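Subject: Structure for you to look at

Hello,

Here is the structure I promised to hand over. Please open it first, then read the notes below it.

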Amino acid sequence: MISRRKVALGLVASTGLASPVGAAVRTPKQTKGPFYPKTLPSESDADLVRIGNGPPATGEEIEITGRLLGLDGRPISGGFVELWQANTYGRYSSSSAASIGPLDPNFQGYGVVETDDEGRYRFLTIKPGEYPGRTRHLHFKVGGPGFESLATQMYFAGEPGNERDFIRKRIRDPEARDSVTVAFAPSDESGIPSGHFEIVVGQ
Ligand SMILES: [Fe+2]
């Protein structure tokens, strides 16, 4: 008898979107940190670069795509993916530490999307600036029907500060650390740097 799990893994492999091996690595939990927005911005859509029809935020535009998956590789549709991050100057909208860098009134700083039928999500945003004590990173929180929510952080491959970052170092398993470290390359469609971040949740 073919198990449901094997069927699910077979489906994942047949799409060519991700290897079943990659999908099986549970995304490590990372601290939510102090900068989750205390009040959500007036707009919280998938495009963090613009608020309404306003001018674009300052900085380098990037795209993040990915899927929310269960440990068995099945896509989780109808889940949520939240992203919050520093602006190009390394400053969070929710932080009062003005010395880190200026606010950017055009940067949304936070977005939340629902995963589609194939568990996919997509954000347009600005490459975050670094701030003292941390390597460059993005904050994510995800959840889905029947899944406990998970907060994690995503890192940028090739950043010199990655290996000494005290929060990234808490992920002991090298495979798990790699799973939250994403390489960016120009997107075929838009030409902007694009990274793919698969998020795997489960017991
Ligand atoms: Fe942070």
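**What was found**

Starting at the N terminus, the elements of the protein chain follow the order α-α-β-β-β-β-β-β-α-β-β-β-β. That gives 3 helices and 10 strands. Helices (H or I, at least four residues) and strands (E, at least two) are DSSP runs, numbered from the N terminus.

Two notes on the ground rules. Residue numbers start from 1 along each chain, as its sequence is written. The model is predicted, so local features need pLDDT of at least 70 and side-chain atom pairs count only at pLDDT 80 or more, while totals for chains, interfaces and linings use all residues.

**Confidence**

pLDDT is the predictor's confidence in each residue, from 0 to 100. The protein chain averages 89, and 88% of the residues score at least 70. Over residues 1-23 the pLDDT is below 50. That stretch still has 20 contacts in the model beyond near neighbours in sequence. A contact means that two C-beta atoms, placed from the backbone, lie within 7 Å.

**Burial and the core**

A residue is buried if 20 or more other C-beta atoms lie within 10 Å of its own, exposed if 12 or fewer, and partly exposed in between; C-beta atoms are placed from the backbone. Buried residues make up 33% of the 203 residues in the protein chain. Of the contacts with a separation of 6 or more, 74% join residues 24 or more positions apart.

The largest nonpolar core has 29 residues. Leu-68, Leu-83, Phe-140, Val-142 and Ile-199 have the most contacts inside it. Strands E1 (61-70), E2 (80-84), E4 (120-126), E5 (137-144), E6 (147-156) and E10 (199-201) each supply at least two residues of this core. By definition, such a core is a set of buried Ala, Val, Leu, Ile, Met, Phe, Trp, Tyr and Cys residues joined through C-beta atoms within 7 Å.

Leaving aside neighbours within four places in sequence, Phe-140 is in contact with Val-81, Glu-82, Leu-83, Thr-152, Met-154 and Ile-199.

Two strands pair if DSSP finds at least two bridges between them. An open sheet holds 5 strands in the order E3-E2-E5-E6-E7, with mixed pairing. Its edge strands are E3 (110-114) and E7 (181-182), and each pairs on one side only. E6 and E7 run parallel and are joined by 2 bridges. Phe-156 stands opposite Val-182 in E7.

Gln-153 lies in strand E6. It counts as buried because it has 22 C-beta neighbours inside 10 Å. Beyond four places in sequence, Gln-153 touches Gln-30, His-137, Leu-138, His-139, Ile-167 and Val-180. Gln-153 and Lys-141 are 12 residues apart in sequence and 8.5 Å apart, C-alpha to C-alpha.

**Strand E1 and its partners**

E1 is mostly covered, with 8 of its 10 residues buried. What joins it to E4? There are 7 bridges, and the two strands run antiparallel. Glu-63 has Leu-124 as its bridge partner in E4. Ile-62 stands opposite Thr-125 in E4. E4 has 5 of its 7 residues buried, so it is largely enclosed by the rest of the structure.

E1 also pairs with E9, in the parallel sense, over 3 bridges. There, Thr-65 stands opposite His-196 in E9. Another 3 bridges join E1 to E10, and these strands run parallel. Gly-70 has Val-201 as its bridge partner in E10.

**Two more residues to check**

Not counting residues up to four places away in sequence, Gly-195 touches Ile-62, Ile-64, Val-182, Ala-183 and Phe-184. The C-alpha atoms of Gly-195 and Thr-181 are separated by 9.7 Å, and the two are 14 residues apart along the chain.

Ser-93 lies in the loop between E2 and E3. With 20 C-beta neighbours inside 10 Å, Ser-93 counts as buried. Beyond four places in sequence, Ser-93 touches Pro-37, Leu-103 and Gly-109. Ser-93 and Pro-105 are 12 residues apart along the chain, with their C-alpha atoms separated by 8.9 Å.

Best wishes
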